[in-house]
Structures are given as structure tokens and as C-alpha cells.
Amino acid sequence: MTPFRVLAAVAALIAATCSAFAADVVFPPGAHVGMKPLVGLVRAKTFIGFETEDQGVKVLVADLPADAYGEVVSAFKANPAGSGGIKPESLETPAGLGYYTIESGRDGATNVRRYSMILPGPTFSGYVAVQVPENAAKIYTDDAVRQMFATAVVRNEVPVDEQLGMMPFKITQLSDFKNVRMLVPGAALMIADGDEKSGLETKPFMILGVIGSTAASPDDRGRFAQQIATTIPGIRDGHITMSEPIRIDGQPGYETRIDATSGKDNTPVTVVQWLRFGSNSSMRIIASTPRTDWEKAFPRFRAVRDGIEPRG
């Protein structure tokens, strides 16, 4: 599948525009990409982006891997006419040169117009996808969407308070972690000393989130905790060194520790997983540090854990 076909396919959820702009560039909460949404578009309720009040027209904003933009540029240069009837176009934006496609399709029984644009970013590629149903096409025209795309701006960082505010719980203690990054909007957040360039696994980091599952009964919590610990990404040759029940903020929980290796340099790491069980879901906290830094890192991890409070 060509990069242009991929752009068109990813657009399948997405959406749109109007004939007049809002006054200023708007960044949807948690997004690196902002733009001047066309009149009639408001903040989306269930995804990062914009939509009309009737949720018919939708604009999805997302990050793609940093090399995605370069792949699209290379494909454009190799085949400027496009393929499969989809011809890419370039567009100057405040964020840099963007590339977009337009395609007609169907969403169930509804005819729709789909638009996809990719933009350069410092450590990511910005992505905007639009879907307009047939009954809105006279207002949200090809030209209107193109004009909206032309206002796209990229910000290097999403403010920390904005990211924390999207989580379903309050995080009152960051324990001197400097880098904060949303992994799944409103569901999973990473705080770290390092970053993708320096290597996350060479320094302490934590992943905080909520999972939509829990132990079937109190007697099943140990099995559940150990089983889910085997799904922690990025570690190899892991073995559990401790797994026992604890109380976290007065609620039943489980602490599991793992020794493993991580990263391209096979860094020896110690990982701790905390689960706090709810009736239908569980809070999951994963913290990892090079094994040599465990004694210093563990109190920081625990301070973050103990500083998590219910929202509202």
C-alpha cells in the first residue's frame, strides 16, 4: 500500500470545515497540530479534533512517526501523479510544506468526501484527516477544507497542565520528572527523565493509565497482576522478583517487581507495576529504571503513585 493510499485509509473516521474561519488558531486539547477551524466546527467530544454539532463532519488531529512525513515526500517525488486515482497535492502552511489527498468514498450507506494532510514536525509528523458527508458538501467544500489546511500550525510541546488535565485522575506530584507525554489521550501518560533521542530506558520513567479490566475476584488479583505484568512493552528476559497485595490510597492493589533488560543496548532494568483495582477497571502504573539507579528512583516512583487523586 502506497503512503498516499495509507493517508487516505487512515482518514476513514474523520472530518471537516466551513466557508468561514474562526478568528484564531485553535489547538485541540492534547494536540501538537492546531488550525483555524471553519465556522460550525467545535471541539470533538470523543476524539482529538473538531466536529459539527450533529457530529456529521469530523476533523481528526493526530501524531504520526517522525519518518512518516519523509516517506510521503519521497513517494511524491517518485510519483507526483499519485496512484489508484489519488493524486497528492502540496500546500504551504505555517508549519511547513504539507501534502494532502482528496478521495470520495462511503461510510456505511453515506457518500463521503475524505481529506488527509501530513505535516513536518520536530520529533513527529503532524496529521489531519477530514470526513464530510454528502449532505454537508455544499458548505464544507474542497476549497474550504484546503483553506483550513493552509492555516495548520505545529507546536513542539503540549503544555504539561493541558496533558494532565485530560487524565481521568489528578496527578499532584511529578517528582522532578521533566518530560511529560500523552500516549493515549485521556487514558495513558508517560513522565520521564529521558526522551526518544537520549533513550528512555537509560533513565527512570513512568507510565500512568487506566485499563478496562480488573481481577474477577479478590482471590484472582495475584494471578491477574502477574499475567498483565507479562504484557509490559519494551522489556526482554524478564523475571518476577516480587508480587504481593498492597493498599493504594485505601483501595486494594498489587505490587509486582521485575528484573529485565531493555533497549538496543540491553540495559539491565528493574520495573515495578502497581495496580489499583476498581469495580470495572484498574489504574495501572508502570515504572522502570536502570537497575543501578533503583534505590534513588523508587522513592520518586512511589511519590508519584501516592500523589494520584480522584478527579472531582
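Author: N266 is partly exposed, because its relative accessible area is 45%. Partly exposed lies between buried, under 20%, and exposed, over 50% (1.4 Å probe, protein chains only). The model is predicted: local features need pLDDT of at least 70, side-chain atom pairs count only at pLDDT 80 or more, and totals for chains, interfaces and linings use all residues. Numbering starts from 1 along each chain as its sequence is written, and side-chain values use heavy atoms, without hydrogens and water.

N266 sits in the loop between β15 (251-262) and β16 (267-277). Its phi is near 50°, a positive value in a residue other than glycine. Most residues other than glycine have a negative phi.

Q55 also has a positive phi, about 65°, and is not a glycine. Its loop runs between β3 (49-51) and β4. Q55 has 37% relative accessibility, so it counts as partly exposed.

Now the wider chain. It has 6 helices and 18 strands. These are DSSP runs, numbered from the N terminus: helices are H or I with at least four residues, strands E with at least two. Of the 312 residues, 48% are buried. Contact means heavy atoms within 4.5 Å. Among contacts between residues at least 6 apart in sequence, 55% join residues at least 24 apart.

What about the interior? A nonpolar core is a set of buried Ala, Val, Leu, Ile, Met, Phe, Trp, Tyr and Cys residues joined through side-chain atoms within 4.5 Å. The largest one has 28 residues. M35, L41, V59, M117, V128, V130 and F149 have the most contacts inside it. β4 (58-64), β7 (110-120), β8 (125-133) and α3 (142-149) each supply at least two residues of this core. α3 gives the most, with 4 residues. A second, separate core has 24 residues, including F169, M206, V272 and F298.

F298 belongs to α6 as well, where it is buried along with W294, A297, R300, F301, V304 and R305. An α-helix has 3.6 residues a turn, so residues three or four places apart point the same way. The expected span of a helix is 1.5 Å times one less than its number of residues. The 13 residues of α6 (residues 294-306) should therefore span 18 Å, and the end C-alpha atoms are 18 Å apart, which agrees.
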